[in-house]
Amino acid sequence: MQEKSALILSAGGMFGAYQAGVWKVLSQHFQPDLIIGISVGAVNGRAIAGACPPGELIERWMDPQTARLMRFRMPVNPLHGFIDSHPLQGLLGEICARYPLRIPFATVVVDALRLKARLISGAGVTARHLEAACAIPVGFPLVRLDGKYYADGGLLGAMPLWPAEDLEATRVIGVNCLAVAPSPLLRAGVRMVGLCSRAINRDTRPASPLDLTVIAPTRALGGLKDAVRWNRDNIRRWIELGEQDARACVRTPALARVEEGG
């Protein structure tokens with residue numbers, strides 16, 4: 001089988017700024033054949049797949065306008081989510097228009113009724129699909145695609161590897177800014193949803209061998225409140241930590257193997 005490298009970017013809300021810091025360093029050593037983004041990782045990943053310069057991606061995270069992406073709607077409307085989705089829609093449309101795809105890209109959405117993940121790849125990924133990939137349940141409204149309602153791709157796991165397997169990647173670098181859930185309640189909720197999904201769908205797909213390297217925060221990023229609220233000091237700290245962790249990773253033999261193969 002021909003070697004194929006993939007970059008997977010996890011879910012994580014505002015912790016996604018960490019991924020921007022990692023990519024600033026990683027981009028100097030690694031050019032993936034494929035990018036897969038989950039939830040906020042889909043936003044970062046789609047920009048990277050469109051050749052957004054690393055410094056520009058960091059500037060976007062540092063921009064106070066980013067705070068609008070997680071702003072509660074007023075008045076509150078439980079049926080349509082608690083967060084106003086219009087700023088996110090505008091950002092995703094702008095990213096798709098400004099950064100035409102240069103690297104194959106894929107994302108994951110979850111069928112909200114069946115709790116079944118769906119992989120969307122290539123030119124079929126539109127701003128609407130990206131919105132669905134970021135539709136955190138309760139927070140954002142579900143997104144209707146092809147007659148079905150879809151939710152955040154991280155609902156069944158912050159950084160699933162099966163999309164890389166399905167797209168025939170052999171080597172993967174994953175950037176998991178949500179390696180540790182920011183609250184016990186969230187951990188329990190994700191675990192429960194995962195159990196329900198497996199019970200409903202009975203997915204027995206065998207795992208394929210992957211040469212996997214994971215970059216994750218070496219220090220805690222913060223709590224649940226930090227993950228949903230933009231704060232300049234936090235964003236700067238997470239970006240700097242991402243750069244630091246990526247520098248440590250590029251010195252390892254694991255990344256050297258990926259560089260040689262890419």
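**Aromatic pair**

I looked for aromatic pairs and found one in this predicted model. I counted rings of Phe, Tyr and Trp (its six-membered ring) as paired if their centres lie within 6.5 Å. Phenylalanine 15 and tryptophan 238 sit 5.0 Å apart, centre to centre, with 90 degrees between the planes. I noted the pair as edge-to-face (over 60 degrees; under 30 is stacked, the rest tilted). Phenylalanine 15 is in the loop between β1 and α1 (17–26), and tryptophan 238 is in helix α9 (residues 232–250). The two are 223 residues apart. Helices (H or I, at least four residues) and strands (E, at least two) are DSSP runs, numbered from the N terminus. I checked burial next: phenylalanine 15 and tryptophan 238 are buried (under 20% relative accessible area, 1.4 Å probe, protein chains only; exposed is over 50%, partly exposed in between).

**Ground rules**

This is a predicted model, where local features need pLDDT of at least 70 and side-chain atom pairs 80 or more, while totals for chains, interfaces and linings use all residues. Residues are numbered from 1 along each chain as its sequence is written, and side-chain values use heavy atoms, without hydrogens and water.

**Serine 5**

Where is serine 5 found? I located serine 5 in strand β1 (residues 5–9). Serine 5 is buried, because its relative accessible area is 4%. I listed its contacts (heavy atoms within 4.5 Å), leaving out residues up to four places away in sequence. Serine 5 touches Phe30, Gln31, Pro32, Asp33, Leu34 and Arg171.
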